[in-house]
Structures are given as C-alpha cells and as structure tokens.
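Here's a walk through one protein chain, from its overall layout down to individual side chains. Keep the structure open as you read.

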Amino acid sequence: MIAEIEALSFEEALLELEQTVAQLESGHLTLDDSLGLFERGRRLAAHCGMLLDNAQLRIEQLTEDGENITLIPPN
C-alpha cells in the first residue's frame, strides 16, 4: 500500500488526500474506517510534502547554477 502511494504523482496524491479529508469530515464512517482513512491520509500528506521538497530542491539547484526560470508560464 505504501508503494502504491509512492507511485502517485503530486496531483494524484493531492486529489486523493482531498477526497479522504472530505470522507472523514462527512462523519458517516465507522471508527475503524475513519482510522484507516486517517492513516492513509497521513501517508498521502507525507508523500505530497516529499514531492514538494524535491521540487523546491530542484528549483534551488537550477537557480544556483545561474539559470533563470519562470514558474508562471507566459501568456
């Protein structure tokens, strides 16, 4: 199950995390289901955080090399 999360893109993991939060907030789950979803949500959040950290590191490495990058595409 952890390998499954590690294979998700940032966008996929974030979408699943948002859906997980919505399910938890609905209040229509059993305690066991809520705990399982909460645990998966924590793993999804950690995965998203790791992907963001990696992206930030790449940006920092690119800018340290003197390359100019634009994060917002031109119109």
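This is a predicted model: local features need pLDDT of at least 70, side-chain atom pairs count only at pLDDT 80 or more; totals for chains, interfaces and linings use all residues.

Residues are numbered from 1 along each chain as its sequence is written, and side-chain values use heavy atoms, with hydrogens and water left out.

The protein chain has three helices and zero strands, so reading along the sequence gives you α-α-α. Helices here are DSSP runs of H or I with at least four residues, strands are E runs of at least two, and both are numbered from the N terminus. Of the 75 residues in the chain, 15% are buried, where buried means under 20% relative accessible area, exposed means over 50%, and partly exposed is in between (1.4 Å probe, protein chains only). The accessible surface of the chain comes to about 6,000 Å², and 56% of that belongs to carbon and sulfur atoms; these areas come from the Shrake-Rupley method with a 1.4 Å probe, and for residues only the protein chains shown count as cover. As for contacts (heavy atoms within 4.5 Å), take those between residues at least 6 apart in sequence: 67% of them join residues at least 24 apart.

Now look at α2, residues 10-26. Its 17 residues reach 24 Å from first C-alpha to last, close to the 24 Å expected at 1.5 Å a residue; the expected span is 1.5 Å times one less than the number of residues. Which residues of α2 are buried? They are Ala13, Leu17 and Thr20. Looking down the axis of α2, you'll find its buried residues within an arc of 60°, so they line one face of the helix (the arc is that of the directions from the helix axis to the C-beta atoms). That buried set packs against α3, while the face turned away from it carries the exposed residues Glu11 and Glu25. After α2 comes Gly27, with a positive phi near 75°.

Next up is α3, residues 31-64. Its 34 residues should span 50 Å at 1.5 Å a residue, and its end C-alpha atoms are 49 Å apart, which agrees. Buried in α3 are Leu37, Arg40, Gly41, Leu44, His47 and Cys48, and their cover includes α1 (2-6) and α2.

The largest nonpolar core has six residues: Ile5, Leu8, Ala13, Leu17, Leu44 and Cys48. The elements giving two or more residues to this core are α2 and α3. A nonpolar core, by the way, is a set of buried Ala, Val, Leu, Ile, Met, Phe, Trp, Tyr and Cys residues joined through side-chain atoms within 4.5 Å. Zoom in on Leu44: leaving aside neighbours within four places in sequence, Leu44 is in contact with Ile5, Leu8, Ala13, Glu16, Leu17 and Thr20.

The C-alpha atoms of His47 and Ala13 are separated by 7.5 Å, although the two residues are 34 apart along the chain.

Arg40, also found in α3, is buried with a relative accessible area of 10%. The Arg40 side chain makes a polar contact with the side chain of Glu4 (2.9 Å). A polar contact is a pair of N or O atoms within 3.5 Å; within protein, one must be able to donate a hydrogen and the other to accept it, and residues adjacent in sequence count only if both atoms are side-chain atoms.

Finally, Ala45 lies in α3 and counts as partly exposed, at 38% relative accessibility.
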